Amino acid sequence: MLILRRKKNESILIGDDIRITITDCASSGVRIAIEAPKQISVVREELYEAERMNKASLAPEKSSVRSLQDALRQHLVNHDT
């Protein structure tokens with residue numbers, strides 16, 4: 001991890017095409033501007049984590065899917081006779 005000290009209107013460059021600029025400093029926090037190519041996703045970490053958790057909760061566990069498949073097979077076997 002790299003830790004840098006920057007003042008208002010100073011920037012940090014990441015590679016050739018990402019620029020992070022400090023736009024405001026206050027006791028409540030720091031405001032930054034991020035310039036990056038459109039194909040690079042820039043999102044707050046807490047939103048990224050919330051989206052990841054939502055996706056994980058929507059995906060059924062493999063054991064649940066297998067249990068449902070087994071129950072359906074058993075149902076079909078019992079009703080075919």
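A salt bridge is defined here as a side-chain nitrogen of Lys or Arg lying within 4 Å of a carboxyl oxygen of Asp or Glu. The structure is a predicted model, in which local features need pLDDT of at least 70 and side-chain atom pairs count only at pLDDT 80 or more, while totals for chains, interfaces and linings use all residues. Residues are numbered from 1 along each chain as its sequence is written, and side-chain values use heavy atoms, with hydrogens and water left out.

Across the whole structure, 4 salt bridges are found. One of them joins E46 to R44, with the closest N and O atoms 2.8 Å apart; R44 is exposed, at 52% relative accessibility (exposed means over 50% relative accessible area, buried under 20%, and partly exposed in between, with a 1.4 Å probe and protein chains only). Another links the side chains of R52 and E49 (2.8 Å, N to O), and these residues, being 3 apart in helix α1 (residues 45-58), are separated by about one helical turn (helices, H or I of at least four residues, and strands, E of at least two, are DSSP runs numbered from the N terminus). R52 is partly exposed at 44%, as is E49 at 28%.

A further salt bridge connects E10 with R6 (3.6 Å, N to O). E10 is also among the residues touched by T21, a list that leaves out residues up to four places away in sequence (contact means heavy atoms within 4.5 Å). T21 lies in strand β2 (residues 18-26) and is buried, with a relative accessible area of 14%.
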